[in-house]
Amino acid sequence: MRQQIAAANWKMNLTVTQAEELLNNLLQEPKKLLAHQTVIFAVPFPYLTLAKTKVNGHTNYFVAAQNCSNKKSGAYTGETSIEMLHSIGIEYVVLGHSERREYFAESNAVLAEKLDLALSYGLIPIFCCGEPLSIREAGTQNGFVEQQLKESLFHLSAEQLAKIVIAYEPIWAIGTGKTATAGQAQEMHQHLRAVLAAQYGKETADIVPILYGGSVKGSNAKEIFSKPDVDGGLVGGASLIAADFTQIIDALK
Ligand code: PEP
């Protein structure tokens with residue numbers, strides 16, 4: 001079975017005390033995960049080592065950064081390199097979240113550079129894609145998201161592609177409380193897998209986990225995750241509430 005993933009995206013939330021309390025709540029008696037299940041905490045940079053310490057010893061629990069620089073190292077004040085993340089043992093990095101694309105003007109081309117750096121250091125990118133409301137209303141979402149994949153991913157080899165995770169996050173559903181229906185999620189995930197299969201072959205396309213993101217909650221996770229091409233979720237708001245995120249972890253196939 002493909003890897004099934006519950007990924008928490010804390011965004012720019014929580015003080016260190018709150019972060020520790022949330023991790024303690026989730027990890028005091030953590031759900032025992034099956035071999036194909038993974039839980040990832042994408043925490044703000046200052047809490048990466050704290051989160052690493054907390055997940056230590058818990059099988060299939062990992063920590064992610066929420067971004068990285070597209071430069072290897074050097075005079076880029078305020079940036080965080082993949083080499084730094086690698087040096088503190090971080091295994092995953094979220095790339096291309098719609099908030100980074102919108103507020104920090106991250107283009108598909110810059111994201112391609114970040115992906116290359118992440119893969120060269122052995123970090124697993126969680127590559128986010130998704131359309132704004134205007135595109136969904138125009139009915140052109142399939143082509144829009146396909147283009148994001150083509151411009152950021154299609155220079156990768158099949159071997160590299162097989163190492164990444166994709167998160168489909170329709171922008172109109174992020175933080176809005178408006179979730180895509182399970183049917184809409186499945187439709188897009190199936191389309192993206194077909195796009196990957198056309199470029200890389202079915203065998204490779206079948207390996208890549210595709211997460212859904214956009215107002216996933218404890219109450220709707222099971223239905224969304226039950227769809228055959230939905231391999232878990234990237235979760236913002238609900239990942240800040242231990243009881244909700246626990247329910248989301250429980251909903252993994
Ligand atoms: C996200 O930040 O990736 C996200 C999906 O947020 P929310 O779950 O709050 O919609």
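Predicted model: local features only at pLDDT ≥ 70, side-chain atom pairs only at ≥ 80, totals over all residues.
Colleague: Which residues come nearest to the ligand?

Modeller: Of the 14 residues around the ligand, the nearest are Lys11, Glu169, Gly175, Ser215 and Gly236.

Colleague: And how far is the ligand from the side chains of lysine 11 and glutamate 169?

Modeller: For lysine 11, a side-chain N or O atom is 2.7 Å from an oxygen atom of the ligand, and for glutamate 169 the corresponding distance, again from a side-chain N or O atom to a ligand oxygen, is 2.6 Å. Glycine 175 takes part through its backbone, with an N or O atom 2.6 Å from an oxygen atom of the ligand. Taken alone the ligand exposes 290 Å², and the protein buries 96% of that.

Colleague: Back to lysine 11 for a moment: which side chain has a polar atom 3.1 Å from its backbone oxygen?

Modeller: That is the side chain of glutamine 66, a residue in the loop between strand 3 and helix 3. A polar atom of the glutamine 66 side chain also lies 3.1 Å from the backbone oxygen of alanine 42.

Colleague: Is glutamine 66 buried or exposed?

Modeller: It counts as buried, because its relative accessibility is 18% and the cut-off for buried is under 20%. Leaving out residues up to four places away in sequence, glutamine 66 touches Asn9, Trp10, Lys11, Ala42, Val43, Pro44, Val94 and Arg100.

Colleague: What about asparagine 70, where is that?

Modeller: Asparagine 70 is in the loop between strand 3 (61-65) and helix 3 (82-87), and its side chain makes a polar contact of 2.7 Å with the side chain of glutamate 113. Beyond its neighbours within four places in sequence, asparagine 70 is in contact with Val110, Glu113, Lys114 and Leu117.

Colleague: Changing topic, which residues of helix 7 are buried?

Modeller: In helix 7, the buried residues are Gln141, Val145, Gln148, Leu149, Ser152 and Leu153. They cover an arc of only 95° around the axis, so they sit on the same side of helix 7.

Colleague: Why would residues three or four places apart point the same way?

Modeller: An α-helix has 3.6 residues a turn, so residues at that spacing point the same way.

Colleague: Last one, lysine 54: what does it contact?

Modeller: Lysine 54 lies in helix 2 (residues 48-55) and, leaving aside neighbours within four places in sequence, is in contact with Glu20, Leu23, Asn24 and Leu27. Lysine 54 counts as partly exposed, because its relative accessibility is 22%.

Note on methods. Residues numbered from 1 in each chain as written. Heavy atoms only, no water. Helix = DSSP H or I, 4+ residues; strand = E, 2+ residues; numbered from the N terminus. Buried < 20%, exposed > 50% of the residue type's maximum accessible area, 1.4 Å probe, protein only. Contact = heavy atoms within 4.5 Å. Arc of directions from axis to C-beta. Near = heavy atom within 4 Å. Polar contact = N/O pair within 3.5 Å; in protein donor to acceptor, adjacent residues only side chain to side chain. Areas by Shrake-Rupley, 256 points an atom, 1.4 Å probe, with all protein chains shown as cover.
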